[in-house]
Amino acid sequence: MATNLTWHHNLNYQERKELRKQDGCTIWLTGLSASGKSTIACALEQLLLQKQLAAYRLDGDNIRFGLNKDLGFSEKDRNENIRRISEVSKLFADSCTISVTSFISPYKADRERARELHKESGLKFIEVFVDVPLEVAEQRDPKGLYKKAREGIIKEFTGISAPYEAPENPELHLRTDQKSVEECAQIIFDYLVTQNIVLSS
């Protein structure tokens with residue numbers, strides 16, 4: 001880390017919150033590939049924006065092809081991928097934006113570091129376990145990734161040849177084989193209301 005940096009103070013979080021009339025937070029969706037994370041994230045982002053709330057979705061499409069295009073899928077690279085996402089989502093939350101992240105993020109330690117990073121800055125972090133049985137995820141398999149993993153074409157694939165460490169105490173646990181995308185998005189929104197992050201109207 002560079003030692004010649006000085007943190008330049010302008011507005012603090014409370015001042016931004018008062019000016020923007022909105023709280024910031026990170027909603028961290030984690031789960032297997034094809035569990036429904038990105039679909040729910042899209043629906044939630046649209047719901048929040050329709051309610052005139054500042055929200056932004058971070059996922060593989062806008063992170064892996066830009067900020068993290070230099071990373072592969074080894075455990076070390078996955079760790080770094082999540083570390084960078086944690087920092088970016090924290091900045092969005094600090095700007096009083098609702099940051100919605102949808103990444104497999106298979107390791108508990110990485111997700112816990114993301115939570116601690118937010119906690120240290122006094123920012124809310126909401127872990128959402130987007131859960132689905134592996135066989136259902138394989139049946140969905142929109143990109144054919146599970147098939148390639150089973151055939152050995154894709155190495156280190158989460159749930160097949162690489163581990164997924166499920167959250168033990170997530171704020172929300174959604175079963176996407178039992179609830180619709182719209183229901184899941186509404187459940188998350190309702191939780192934000194109960195936490196006084198957004199208003200119900």
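**Alanine 41**

I looked up alanine 41 and found it buried, at a relative accessible area of 0%. Buried stands for under 20% relative accessible area, exposed for over 50%, and partly exposed for what lies in between (1.4 Å probe, protein chains only). The model is predicted: I took local features at pLDDT of at least 70 and side-chain atom pairs only at pLDDT 80 or more, while totals for chains, interfaces and linings use all residues. Residues are numbered from 1 along each chain as its sequence is written, and side-chain values use heavy atoms, with hydrogens and water left out.

Alanine 41 sits in helix 2. Helices (H or I, at least four residues) and strands (E, at least two) are DSSP runs, numbered from the N terminus. I listed what alanine 41 touches, skipping residues up to four places away in sequence: Leu29, Arg57, Val100 and Ser102. Contact here means heavy atoms within 4.5 Å. I also checked one distance.

**The chain as a whole**

Next I counted elements. The protein chain has 8 helices and 5 strands. Their order along the sequence reads α-β-α-β-α-α-β-α-β-α-α-β-α. The radius of gyration is 17 Å, close to the 17 Å from the globule rule for 201 residues, so the chain is as compact as a globular protein of that length. That radius is taken over C-alpha atoms, and the rule is 2.2 Å times the number of residues to the power 0.38.

The C-alpha trace spans about 55 × 45 × 30 Å along its principal axes. I noted that 45% of the 201 residues count as buried. Among contacts between residues at least 6 apart in sequence, 73% join residues at least 24 apart.

**Helix 2 against helix 8**

I went back to helix 2 (residues 37-50) and looked at its packing on helix 8 (residues 181-194). Their axes come within 9 Å and cross at roughly 55 degrees. Axes are lines fitted to C-alpha atoms, for helices over the stretch in contact, and angles run from 0 to 180 degrees between N-to-C directions. The two helices are therefore oblique to each other. The classes are: under 35 degrees roughly parallel, over 145 roughly antiparallel, 65 to 115 roughly perpendicular, and the rest oblique.

The crossing of helix 2 and helix 8 is right-handed. Right-handed means that the near helix is turned clockwise from the far one by less than a right angle, left-handed that it is turned anticlockwise.

On the helix 2 side I found Thr39, Ile40, Ala43, Leu44, Leu47 and Leu48; they meet Val181, Cys184, Ala185, Gln186, Ile188, Phe189 and Leu192 in helix 8. By class this contact has 11 nonpolar, 2 polar and no charged residues. Ala, Val, Leu, Ile, Met, Phe, Trp, Tyr, Cys and Pro count as nonpolar, Asp, Glu, Lys and Arg as charged, and the others, Gly among them, as polar.

I picked isoleucine 188 out of helix 8. Isoleucine 188 is buried, at a relative accessible area of 1%. Leaving aside neighbours within four places in sequence, its contacts are Ile27, Leu29, Ile40, Leu44, Val128, Leu172 and Leu174. Leucine 19 is 169 residues away from isoleucine 188 in sequence and 25 Å away in space, C-alpha to C-alpha.

**Helix 4 against helix 5**

The axes of helix 4 and helix 5 (residues 108-120) come within 9 Å and cross at roughly 25 degrees. These helices are therefore roughly parallel to each other. Their crossing is right-handed. Arg78, Asn79, Ile82, Ser86, Glu87, Ser89, Lys90 and Ala93 of helix 4 make the contact with Asp110, Ala114, Leu117 and His118 of helix 5. I sorted this contact into 4 nonpolar, 4 polar and 4 charged residues.

Serine 86 belongs to helix 4 (residues 75-94). Serine 86 is buried, with a relative accessible area of 4%. Beyond four places in sequence, serine 86 touches Trp28, Ala114, Leu117 and His118.

**Positive phi**

Last, I checked backbone angles. Most residues other than glycine have a negative phi. Alanine 34 has phi near 75 degrees, a positive value. Alanine 34 is in the loop between strand 1 (25-30) and helix 2. Glutamine 52 also shows a positive phi, of about 65 degrees. Glutamine 52 lies in the loop between helix 2 and strand 2 (55-59). At 70% relative accessibility, glutamine 52 counts as exposed.
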